Amino acid sequence: MPTSTARQPKMRQTMPVRLNAAEETLIAQLKAIGANAEAERITVAGLPTRRVESYHYTDLKMLLKAIPPQAAAANEASAPALRVAGAYQLMIANGVIQSASTAPAGVIVGKAEGGVLSTRDDVLVHLNGAFAKESLTLTLESSVDPVIQIDRRAEGAAAHVTDSVKVFVADNASAVIIETFSGSDAAHVGNHGTYMALGKNAVVTHITVDLSARAATHFASNEYHLADGAKLRTLVINAGAGLSRTQLFPRYEGAGAHGDITGLNLVSDGQHADITMDALHAVPGTTSQPLFKSIARGHGKAVVQGKLVVARDAQKTDAKFMHQGLMLSDEAEILSKPELEIYADDVVCGHGSTCGKLDEDSMFYLMSRGIPKEEAETMLVRGFLEELVDPIEDEALAEALHGIIDGWLLGGK
Amino acid sequence: MTTPILEIRNLHARIEDREILKGVNLTIPAGEVHAVMGRNGSGKSTLSYVLAGKEDYEITEGEVLLDGQDLLAMEPFERASAGLFLAFQYPIEIPGVATMTFLKAAMNAQRKARGEGEMTTPDFMRAVKQAGTELNIDTEMLKRPLNVGFSGGEKKRAEVLQMALLQPKMCILDETDSGLDIDALQVVSKGVNALRSAGRSMLVITHYQRLLNHIVPDVVHVFSDGKIVESGDKDLALQLEAKGYADFDGAAA
């Protein structure tokens with residue numbers, strides 16, 4: 001037996017990355033549309049691994065096994081994943097904007113070429129920009145009564161789908177917008193971008209719900225710009241795809257702007273869901289209350305990362321990140337990473353994170369009143385989530401969201 | 001001879017390696033109110049939790065019959081539907097679950113277990129309103145999350161409200177007087193006394209005699225070191241108050 005072997009010198013710094021199948025396909029698809037700079041970026045750096053801080057818990061190089069062919073126009077449609085009674089509906093299927101019914105008062109619907117997201121150092125944002133052919137634009141000139149539902153689909157055989165939505169909300173206008181992501185039962189990879197600009201004192205609720213097939217991968221990046229006094233409430237629900245990551249980029253750019261940035265990961269066996277927020281408080285006197293919850297069962301894995309950046313001038317910023325995790329099995333994993341990056345010196349910023357099982361004393365109390373175990377668990381889980389759904393005032397919408405949560409709870413039985 | 005509502009025979013229970021109940025024998029006939037008095041740490045509260053089915057305890061010996069049925073073989077929720085009710089010393093706060101939602105779930109779960117139909121919402125509201133009026137509970141309080149932010153008195157009144165709605169055969173009141181001022185104690189006691197009936201028995205656990213001025217027991221038991229060491233009529237409680245526990249269990253106070 002040899003007693004020693006000659007070792008290769010370490011050359012990680014200089015060696016090009018070894019590309020996997022997903023990366024090879026992405027590069028070929030980028031070159032095919034002439035996005036050579038993006039192709040070069042993937043060739044050199046590859047998809048992010050755990051060594052990239054913002055992907056620390058979601059190692060895309062490991063998790064993303066394959067990229068399906070670029071989507072062709074959809075010629076079939078699955079049933080809508082979620083119906084909200086009385087909502088004005090718009091649909092984008094396989095990246096193509098479908099014709100819509102007459103818009104309600106105050107809404108102008110249009111199309112623009114290309115993507116919507118601002119450039120930032122993030123692979124999903126880069127890819128969305130490179131692949132988006134057209135984007136749906138909504139201009140809300142005044143307050144809109146009905147809920148606006150944007151139904152974003154991946155249809156047919158497994159496809160790489162890219163789509164984009166841009167929403168302008170005029171000063172003093174208010175609106176409730178829900179975006180749903182769903183489609184056929186296939187190994188789609190969806191990359192969705194949403195850009196939303198809120199005018200002065202605009203009040204917007206933006207809900208995004210992933211209800212894709214378990215075989216699918218769901219990526220979404222939502223960028224928000226808030227002017228003076230604008231109020232934004234978000235609710236992200238990751239409840240469908242086997243692998244999902246929703247990125248939230250709120251920017252508080254006007255005094256008095258406020259964000260209630262909330263989100264929920266619901267993961268079962270074999271699922272990996274990630275909500276990553278990177279917020280910028282850019283000017284003095286802005287506030288935010290990011291509140292995220294994760295529920296994991298089986299071998300499910302849920303990730304929440306929350307970064308609060310406070311610019312040097314942004315005095316009197318008041319922002320607190322919170323993540324609460326609930327583990328319904330011994331094998332479940334919930335990962336939490338808050339980050340504060342504060343350049344101002346007169347701010348109130350904080351972060352908190354809790355994780356645990358259902359409280360045994362609460363379970364015993366409910367059961368001691370005759371409520372069977374499973375029903376007691378359901379009551380406590382609903383109670384845990386009530387804080388997220390309770391602020392949604394539209395009754396039909398709140399009911400639809402409760403339906404998603406109850407459906408998930410029943411799905412585990 | 002009629003079946004007693006509760007019959008405890010030589011009950012032993014422990015938590016981890018520590019034996020807490022060391023041979024409890026207690027029979028409560030229908031319609032009677034029994035009090036169990038004992039110093040802190042004597043195992044009184046353990047007795048109530050063991051009867052209600054809390055998981056932390058291991059039963060090592062003995063049996064318990066509720067109206068002739070094997071209580072220890074039942075899950076906690078089955079015990080409730082069979083007619084057992086424990087009024088908690090410290091009712092649990094449950095954020096996100098409205099009290100009203102909880103009450104309706106509990107009533108319907110018990111009705112379902114007994115093969116009865118669900119209550120209609122108007123019937124339910126009427127029952128809650130009627131039971132609430134007698135306990136000075138308004139419906140606003142019931143819209144709040146269960147026990148969250150309730151004062152000590154409100155929590156105990158909510159426990160008695162549940163008891164009134166669920167109509168159990170066997171009520172266990174664990175230190176119901178703790179955390180109550182005199183006025184609240186009167187309201188709660190009045191609510192409990194209103195529920196005394198020929199078919200319903202009660203076990204009142206306390207370490208102060210004062211509760212027993214309001215809820216007058218038929219029998220008083222002295223509990224010490226995991227078992228009953230003395231039983232008598234209501235005057236036994238007065239003797240205890242005068243002489244202390246040492247005269248009964250021999251241990252130094």
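Two residues are in contact if their C-beta atoms, placed from the backbone, lie within 7 Å. The exercises below use this cut-off on a predicted model.

**Exercise 1. Find the surroundings of I20(B) and say which residues I20(B) is in contact with, leaving aside neighbours within four places in sequence.**

Solution. 
Step 1. List the contacts. Leaving aside neighbours within four places in sequence, they are A13(B), R14(B), I15(B), G43(B), T46(B) and G226(B).
Step 2. Judge the burial. A residue counts as buried at 20 or more other C-beta atoms within 10 Å and as exposed at 12 or fewer. I20(B) has 19 such atoms, so it is partly exposed.
Step 3. Check a pair that is separated in space. Between I20(B) and N136(B) there are 116 residues in sequence and 38 Å from C-alpha to C-alpha.

**Exercise 2. Repeat the work for K22(B): state what it touches, not counting residues up to four places away in sequence.**

Solution. 
Step 1. K22(B) is placed in strand 2 of chain B.
Step 2. Not counting residues up to four places away in sequence, K22(B) touches H12(B), D225(B), G226(B) and K227(B).
Step 3. With 17 other C-beta atoms within 10 Å, K22(B) is partly exposed.
Step 4. Compare sequence and space for one pair: K22(B) and I228(B) are 206 residues apart in sequence, while their C-alpha atoms are 9.3 Å apart.

**Exercise 3. Where do E16(B) and D225(B) lie, and what is the phi of E16(B) and of D225(B)?**

Solution. 
Step 1. E16(B) sits in the loop between strand 1 (6-15) and strand 2 of chain B. Its phi is near 50°, a positive value in a residue other than glycine.
Step 2. E16(B) has 7 other C-beta atoms within 10 Å and is therefore exposed.
Step 3. D225(B) sits in the loop between strand 11 (219-224) and strand 12 (227-232) of chain B. Its phi is positive, about 45°, although D225(B) is not a glycine.
Step 4. D225(B) has 17 other C-beta atoms within 10 Å and is partly exposed.

**Exercise 4. Describe how helix 6 and helix 7 of chain B pack.**

Solution. 
Step 1. Helix 6 (residues 152-166) and helix 7 (residues 182-194) of chain B have axes 10 Å apart and an angle of about 5°.
Step 2. From helix 6 of chain B come G153(B), K156(B), R157(B), V160(B) and A164(B); they meet A184(B), V187(B), V188(B), G191(B) and V192(B) of helix 7 of chain B.
Step 3. Sorted by class, the residues of this contact are six nonpolar, two polar and two charged.

**Exercise 5. Which residues of helix 7 of chain A are buried, and why do they line one face of the helix?**

Solution. 
Step 1. Helix 7 of chain A (residues 395-411) has 17 residues and reaches 24 Å from its first C-alpha to its last, close to the 24 Å expected.
Step 2. Its buried residues are L397(A), A400(A), L401(A), I404(A) and I405(A).
Step 3. Seen down the axis of helix 7 of chain A, these buried residues fall within an arc of 135°, so they line one face. In general, an α-helix has 3.6 residues a turn, so residues three or four places apart point the same way.
Step 4. On the other side of helix 7 of chain A, E395(A), G403(A) and L410(A) are exposed.
Step 5. The cover over the buried residues of helix 7 of chain A includes strand 7 (174-183), strand 9 (203-210), strand 11 (231-238) and helix 6 (373-389) of chain A.

**Exercise 6. Describe the side of chain A that touches chain B, then the surroundings of helix 5 of chain A.**

Solution. 
Step 1. Count the residues: 18 of chain A are in contact with 20 of chain B.
Step 2. Helix 5 (360-367) and helix 6 of chain A each supply at least two residues to this side of chain A. Helix 6 of chain A gives the most, with eight residues.
Step 3. By class, this side of chain A has seven nonpolar, four polar and seven charged residues.
Step 4. In helix 5 of chain A, six of the eight residues are buried, so the helix is largely enclosed by the rest of the structure.
Step 5. What covers the buried residues of helix 5 of chain A includes helix 6 of chain A, and also helix 2 (76-81) and strand 7 (94-98) of chain B.

Key: Residues are numbered from 1 along each chain as its sequence is written. Chains are lettered from A and ligands numbered from 1 in the order in which they are written. This is a predicted model: local features need pLDDT of at least 70, side-chain atom pairs count only at pLDDT 80 or more; totals for chains, interfaces and linings use all residues. Helices (H or I, at least four residues) and strands (E, at least two) are DSSP runs, numbered from the N terminus. The expected span of a helix is 1.5 Å times one less than its number of residues. The arc is that of the directions from the helix axis to the C-beta atoms. Axes are lines fitted to C-alpha atoms, for helices over the stretch in contact, and angles run from 0 to 180 degrees between N-to-C directions. Ala, Val, Leu, Ile, Met, Phe, Trp, Tyr, Cys and Pro count as nonpolar, Asp, Glu, Lys and Arg as charged, and the others, Gly among them, as polar.
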